[in-house]
Amino acid sequence: MEIINIKDTSNKLYYVGGVVRDELLGIESFDIDMTYEGNAIEFVQNNLQNLQNFEILQINEPFGTVRVKTDGREVDIASTREEVYEKKGHLPSVTKIGCSLKEDAMRRDFTINALYKSAVSGEIIDLTGGLDDLKNKTIRVLHDGSFIDDPTRIIRGLKFSIRFGFDLDEHTKKLQENYLKNINYDMCCKRVKKELIETFNLNSQSAFEKFIRQKIYKLVTEKDVSLPQENIEELIKKYPVENVWLVYAGCIGDLSRLPLTKNEQKILDDFNATGELKNDFEIYKAFEKVSRETVLLYGILKDKSAAERYLEILSRIKIEISGEDLLKLGLKPSKKFSEIFDYVLLKKLENPELSKEDEINIVRGII
Ligand code: ATP
Ligand code: MG
């Protein structure tokens with residue numbers, strides 16, 4: 001772990017969560033989270049803000065958190081806090097700022113994410129059995145109401161199980177099952193989407209298999225979803241895409257609860273609008289203007305050989321003549337142009353070796 005140069009004579013400042021877990025696992029962390037046992041905002045304002053190379057970036061008063069930049073690194077420093085989930089599955093409200101470490105630990109998602117490391121002595125503080133669970137590769141919630149408070153933790157559990165090769169503890173698995181059986185959809189779907197993106201972007205077939213077999217998809221749709229036959233991970237490795245997560249999510253079918261961007265919605269709409277494709281020309285016309293994500297979805301859910309034929313062969317074929325060439329041949333701009341281009345394309349798909357000269361001759365032949 002990179003040492004953050006923050007002096008704390010009170011010995012109440014701790015690294016917490018992913019950064020402690022990852023150090024113990026010997027892997028690099030995405031971000032650095034710290035907790036101050038007390039009021040973090042006051043601590044930073046009173047003790048740190050005049051230090052060299054130190055800057056307060058953002059203060060979130062209701063949550064008692066402050067984002068700082070120190071020696072070029074951004075760090076979130078939170079106050080120890082207790083929370084209640086007044087509306088289940090939505091952001092909680094803070095009921096107490098400056099509580100004990102134990103109380104702070106209990107609001108977290110899993111024991112492996114509730115380890116603290118003193119910023120002064122480096123001592124690890126384990127109040128919930130996180131060290132044992134790390135050793136035993138186990139993901140365990142901190143209390144029985146955890147998934148009811150925040151169902152996005154179910155997807156987080158899946159994400160961590162894939163990232164680290166861990167399993168859910170048996171009781172946690174039961175709690176998950178019970179939650180999914182009795183799910184109501186009064187939750188924040190934006191947060192569900194965020195966790196789905198992080199999980200599916202791992203491009204892991206086994207994550208998706210768990211997602212289907214354990215019925216985690218119930219967080220997204222009430223409908224039943226079955227596992228497609230194709231191996232999505234392999235397809236994406238062969239044909240990389242920008243929105244990996246959406247290829248997986250698209251296989252769920254009904255994403256109407258998720259807040260999608262225009263582009264994401266278009267990828268799904270294009271897929272839904274594509275029917276049976278009977279020949280190279282139909283394949284080409286269906287896929288020429290859509291995203292590769294759409295083509296992959298089509299390959300996974302409808303017709304793999306058509307999608308692969310497009311990605312491997314047809315997508316490389318382009319006709320060379322343009323509108324200008326047609327004008328030079330004495331044609332006047334009209335709707336006919338696109339019919340002519342389609343005809344030349346048809347011929348070129350039959351014989352990709354055609355040169356531009358050949359294409360012009362084809363046009364001459366039909367005018
Ligand atoms: P990553 O390596 O993906 O960043 P992380 O464990 O650091 O994993 P963050 O999302 O950065 O995850 O959150 C930091 C910490 O905040 C977590 O380790 C956990 O203690 C707590 N936390 C995050 N999300 C939740 C949640 N939905 N419910 C409870 N605690 C959470
Ligand atoms: Mg983190």
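A polar contact is a pair of N or O atoms within 3.5 Å. By that rule, the side chain of Asp-150 makes such a contact with ligand 1: one of its N or O atoms is 2.8 Å from a nitrogen atom of the ligand. The model is predicted.

- Asp-150 has a side-chain N or O atom 2.8 Å from a nitrogen atom of ligand 1.
- Arg-153 places a polar side-chain atom 2.9 Å from a nitrogen atom of ligand 1.
- The side chain of Arg-156 has an N or O atom that is 3.1 Å from an oxygen atom of ligand 1.
- Ligand 1 on its own exposes 580 Å², and the protein buries 85% of that area.

**Glu-195 and its link to Arg-156**

- Glu-195 is part of helix 8, which spans residues 189-200.
- The side chains of Glu-195 and Arg-156 are joined by a polar contact of 3.1 Å.
- Arg-156 also has a side-chain N or O atom 3.1 Å from an oxygen atom of ligand 1.
- Glu-195 has a relative accessible area of 5%, so it counts as buried, the cut-off being under 20%.

**Residues with positive phi**

- Most residues other than glycine have a negative phi.
- Asp-71 has a phi near 50°, a positive value in a residue that is not glycine.
- Asp-71 sits in the loop between strand 4 and strand 5 (73-79).
- Its relative accessibility is 44%, so Asp-71 counts as partly exposed.
- Lys-137, also not a glycine, has a positive phi of about 55°.
- Lys-137 belongs to the loop between helix 4 (130-135) and strand 10 (138-139).
- With a relative accessible area of 45%, Lys-137 is partly exposed.

- Gly-64 is found in the loop between strand 3 (54-60) and strand 4 (65-70).
- The relative accessible area of Gly-64 is 1%, and the residue is therefore buried.
- Gly-64 and Pro-259 are 195 residues apart along the chain, and their C-alpha atoms are separated by 28 Å.
- Asp-133 lies in helix 4.
- Asp-133 is buried because its relative accessible area is 3%, under the 20% limit.
- Between Asp-133 and His-143, 10 residues apart along the chain, the C-alpha separation is 15 Å.

- Ser-10 lies in the segment before strand 1 (13-16).
- Ser-10 has 35% relative accessibility and counts as partly exposed.
- A polar contact of 3.5 Å connects the side chain of Ser-10 to that of Tyr-36.
- Ser-10 and Asp-132 are 122 residues apart in sequence, and in space their C-alpha atoms are 29 Å apart.
- Glu-37 is located in the loop between strand 2 (32-36) and helix 2 (40-48).
- At 24% relative accessibility, Glu-37 is classed as partly exposed.
- From Glu-37 to Asp-224 the C-alpha to C-alpha separation is 45 Å, with the two residues 187 apart in sequence.

Terms used
Residues are numbered from 1 along each chain as its sequence is written. Chains are lettered from A and ligands numbered from 1 in the order in which they are written. This is a predicted model: local features need pLDDT of at least 70, side-chain atom pairs count only at pLDDT 80 or more; totals for chains, interfaces and linings use all residues. Side-chain values use heavy atoms; hydrogens and water are left out. A polar contact is a pair of N or O atoms within 3.5 Å; within protein, one must be able to donate a hydrogen and the other to accept it, and residues adjacent in sequence count only if both atoms are side-chain atoms. Accessible areas come from the Shrake-Rupley method with a 1.4 Å probe; for residues, only the protein chains shown count as cover. Helices (H or I, at least four residues) and strands (E, at least two) are DSSP runs, numbered from the N terminus. Buried means under 20% relative accessible area, exposed over 50%, partly exposed in between (1.4 Å probe, protein chains only).
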